[in-house]
Amino acid sequence: MLAGTTGRVVVSGMGKSGHVARKIAATLASTGTPALFVHPAEASHGDLGMIVAGDAVLALSNSGETPELADLVGHAKRFGLPLVGITGRAGSTLARAADVPLVLPDAPEACPMGLAPTTSTTMQLALGDAIAVALLTRRGFTAADFRVFHPGGKLGARLSRVKDLMHGPEELPLTPPETRMDAAIVAMTARRFGCLGVQGADGKLLGIITDGDLRRALEAGGGAALMARGAAEIMTRAPRTVTPETLAAEALHEMNARAITALFVVDGEGRPVGILHIHDLLRAGVA
């Protein structure tokens, strides 16, 4: 029913249920289901005008007898709006009025007196989150969609794309495969990425030379022998790369999994178009 709603999901509740309702509305809105919270008391004093044709109402009341919800429930029935009720009592007024009553398990409140809303509000919250996730899955909501609604903070940073953080072509440390290592090391140190890409005549990335490659080559043959060799002899072939559309969080995972600090960014033909360093992720708040 909620997935078929063309308008918004209007969530409402009084007291502690109202606080939970606000959170449910926020979670729905941030996961692709347009939603808003309407205070039931304010609804009786004009805010019913916020609830229009095409909307659905999700009302929360553990007792199912909250008087402040009466006008909102009546408004929904009057205009034929779908009404979902979350309540702890199957025979309550809200449960009987709802098109779909969602009845919570009969569990005592956690407080010693059994009065303070604790267990009931926890169940309401869990059910609200379950509804939001079910709708998210049904809509095929992706990480890219998620970022549209979460541009700020660390979450927004993790959902950014590599193209938003990478260094462009003008900063790429690249050299041809025939370059002698004495010149290759100069080219490598001219940049601050701690690596050097080896680019073929067709523009594709053939390999990468890192500090680790240099150390291994020195241990194998000494400095003089290393300097006379070509870049193609030292490089690690078929290095791990990412595309501009890769999520920053995925790039970070790749770096952590392989204990590396930089990734070349390539286009669909394997040509380098940028480079991403761990420091770029740190500055953006991804790491």
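Reader: Where is the place of A238?

Author: A238 belongs to the loop between strand 9 (236–237) and strand 10 (241–242), where strands (E, at least two residues) and helices (H or I, at least four) are DSSP runs numbered from the N terminus. This is a predicted model, in which local features need pLDDT of at least 70 and side-chain atom pairs count only at pLDDT 80 or more, while totals for chains, interfaces and linings use all residues. Residues are numbered from 1 along each chain as its sequence is written, and side-chain values use heavy atoms, with hydrogens and water left out.

Reader: Why does A238 count as exposed?

Author: Its relative accessibility is 68%, and exposed means over 50% relative accessible area (buried is under 20%, partly exposed in between; 1.4 Å probe, protein chains only), so A238 counts as exposed. A238 also has a positive phi of about 50 degrees, although it is not a glycine.

Reader: What is the phi of A259, and where does A259 lie?

Author: Phi of A259 is near 55 degrees, a positive value in a residue other than glycine, and A259 lies in the loop between helix 13 (248–258) and strand 11 (262–266). With a relative accessible area of 70%, A259 is exposed.

Reader: What makes T175 count as buried?

Author: T175, placed in strand 6 (residues 174–175), has 7% relative accessibility and therefore counts as buried. Leaving out residues up to four places away in sequence, T175 touches L196, G197, V198, Q199 and A231, contact being heavy atoms within 4.5 Å.

Reader: Why are helix 1 and helix 5 called roughly parallel?

Author: Their axes come within 9 Å and cross at roughly 15 degrees; the axes are lines fitted to C-alpha atoms over the stretch in contact, with angles running from 0 to 180 degrees between N-to-C directions. Angles under 35 degrees count as roughly parallel (over 145 roughly antiparallel, 65 to 115 roughly perpendicular, the rest oblique), and helix 1 and helix 5 are therefore roughly parallel to each other. Among the residues making the contact are V20, I24 and L28 of helix 1 and L125, A132 and L135 of helix 5.

Reader: Which residues touch the most other members of the largest nonpolar core?

Author: Of its 20 residues, L2, V9, V11, I24, L28, L58 and L60 do so, the core being a set of buried Ala, Val, Leu, Ile, Met, Phe, Trp, Tyr and Cys residues joined through side-chain atoms within 4.5 Å. Helix 1 gives the most to this core, with five residues. Apart from it lies another core, of 17 residues, including I51 and V57.
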